[in-house]
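Visitor: I'd like to learn how to read a protein model. Could you walk me through some features one by one?

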Amino acid sequence: MRQHRTFPRLFGSLLLVVAAGVAGVGAAPGGGGAAPHPEPALRPLGQIVPVPAAVRPGGEPYALTPSTRIRVDDDSRESRAIGGYLAQLLRPSTGYALPVTDDDGRGGIRLRLSPREKALGEEGYRLESRPGGVTITAHRPAGLFHGVQTLRQQLPAAVEKKSRQPGPWQIAGGTITDVPRYGYRGAMLDVSRHFFTVDQVKRYIDQLALYKINKLHLHLSDDQGWRIAIDSWPRLATYGGSTQVGGGPGGHYTKDQYKEIVRYAASRYLEVVPEIDLPGHTNAALASYAELNCDGVAPPLYTGTDVGFSSLCVPKAVTYDFVDDVIRELAALTPGKYLHIGGDEAHSTSHEDYVAFMDRVEPIVAKYGKTVVGWHQLAGATPAKGALVQYWGLDRTSDAEKAEVAQAARNGAGLVLSPADRIYLDMKYDRNTKLGLAWAGYVEVQRSYDWDPGAYLPGAPASAVRGVEAPLWTETISETAHIDQMAFPRLPGVAELGWSPAATHDWETYKLRLAAQGPRMTALGIDYYRSPQVPWP
């Protein structure tokens with residue numbers, strides 16, 4: 001792994017509007033080197049990432065003014081919180097007060113939850129922009145939050161700055177009606193190879209939210225470090241978390257710090273999916289407790305980058321006491337649905353032992369109220385009912401391995417697609433990229449975008465695909481600036497694969513919308529990779 005919906009009929013008839021509208025927006029002739037237009041003062045409706053499901057541009061724009069108010073439902077704590085979030089986003093750059101109010105006045109920006117809008121589902125929204133105001137309507141709060149991200153992207157990029165800017169602040173007229181293609185749109189951050197602080201994780205969460213990502217997968221344990229406090233096995237964090245790749249000081253999250261990450265993610269409508277990688281990738285745990293080793297001897301801490309050499313002792317009863325304690329404590333900290341148990345690259349575990357181990361561990365996850373997620377090697381065992389299998393294979397992965405995963409999907413497992421040669425964010429862009437690895441090949445921006453999750457894995461029914469996830473492994477990633485360089489600009493494309501209808505998928509129009517994100521990323525302080533495939537302003 002590290003090494004080497006049906007779409008609601010209501011919107012279907014509108015897809016051509018999107019395709020035609022986006023294709024005609026700011027089009028530049030030729031390839032990535034074509035000269036782009038400067039950022040317009042008024043962004044055409046729908047020229048955002050991810051591209052909305054349906055766009056009907058028309059009418060005069062709405063302009064924010066010093067008298068603009070953000071109006072929310074008087075009986076909804078969630079809409080008030082989202083209104084406050086929007087106000088905090090817009091106040092520094094506009095200089096406007098933007099009071100959040102539940103009065104019934106007209107005009108301004110209205111955030112409206114409507115139980116009757118069932119067609120919008122859990123995450124969809126409708127944004128209507130007229131000269132008299134903007135209304136975002138959603139069935140559920142997550143949809144309202146995603147609609148706010150669309151409103152945000154419709155404003156000039158300077159709105160992201162932390163100092164007052166001249167404006168004007170206009171939102172093009174028309175209506176966007178938008179629902180996601182997939183319910184699982186994830187990004188994974190490996191905090192085990194290199195440790196990242198709570199504030200660094202929060203910064204990444206904010207970046208993910210802008211592009212409507214809704215899952216943050218935290219890789220909390222590996223050979224190089226254990227990153228979450230477990231009361232019943234305290235040396236996991238204090239000793240197993242004391243180092244990282246290259247021998248740095250490492251670190252771990254206290255339970256309160258982990259809960260802070262979970263709360264912050266929830267405020268951005270992201271669900272945290274914690275991972276404890278088992279039975280391999282466990283050297284940090286084995287070094288912390290000798291009894292977890294078959295020979296009773298603890299190995300030294302490990303700071304290299306090789307994989308596949310460690311394994312829990314499958315026959316020992318204490319192994320399952322350990323797993324039960326860890327999963328129990330982690331599940332209690334995690335309000336989300338999923339708990340990831342790894343399962344990849346267990347090269348030091350025999351196939352027989354691997355199957356026996358997973359047969360013991362999957363029911364433990366269920367006992368504590370969580371749904372199992374595992375890397376796609378889990379398909380070689382028996383995935384639990386409702387489990388998600390996360391596929392990280394390559395184009396060159398063997399047909400037999402692909403067939404095993406496809407069979408698991410036909411048997412009822414859900415699929416989350418993370419093909420390493422498409423959306424592993426730690427892969428180098430090209431041979432000159434200073435950070436990252438290249439065992440899966442070079443992954444430029446077009447390659448990371450130009451594929452269809454619904455038709456990717458031969459033999460797997462499209463109905464089994466739950467979504468996509470972009471992992472960022474951190475063997476070479478140790479700073480926030482490194483995250484910026486490797487995640488951006490590939491991550492927005494993964495977000496679009498997860499959100500936008502397949503019918504809107506087109507590299508030639510996408511690269512123009514991505515180019516228009518350049519000034520926004522700059523305003524946000526994201527030092528992104530200037531891919532030559534994209535006509536950046």
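Visitor: Which residue in β7 is the bridge partner of Leu127?
Guide: Strands of a sheet pair through backbone hydrogen bonds, either parallel or antiparallel. Here, Leu127 has Ile136 in β7 as its bridge partner. Strands β6 (residues 125-130) and β7 (residues 133-138) are antiparallel, with six bridges; two strands pair if DSSP finds at least two bridges between them. Strands are DSSP runs (E, at least two residues) and helices are too (H or I, at least four), numbered from the N terminus. This is a predicted model, where local features need pLDDT of at least 70 and side-chain atom pairs pLDDT 80 or more, while totals for chains, interfaces and linings use all residues. Residues are numbered from 1 along each chain as its sequence is written, and side-chain values use heavy atoms, without hydrogens and water.

Visitor: What is the strand order in the open sheet?
Guide: The order is β1-β9-β6-β7-β5-β3-β4, seven strands with mixed pairing. β1 (54-57) and β4 (100-101) each have a single partner strand, so one side of each lacks a neighbour in the sheet.

Visitor: And β11, how many of its residues are buried?
Guide: Buried means under 20% relative accessible area, exposed over 50%, and partly exposed in between (1.4 Å probe, protein chains only). In β11, five of five residues are buried. Lys215, His217 and His219 point one way, Leu216 and Leu218 the other. β11 runs parallel to β10 (residues 184-190), joined by five bridges, and Ala187 stands opposite Leu216.

Visitor: Is Glu345 buried or exposed?
Guide: Glu345 counts as buried because its relative accessibility is 5%. Glu345 sits in the loop between β15 (338-342) and α10 (351-367). Its side chain makes a polar contact of 2.8 Å with that of His281; such a contact is a pair of N or O atoms within 3.5 Å, where within protein one must be able to donate a hydrogen and the other to accept it, and residues adjacent in sequence count only if both atoms are side-chain atoms.
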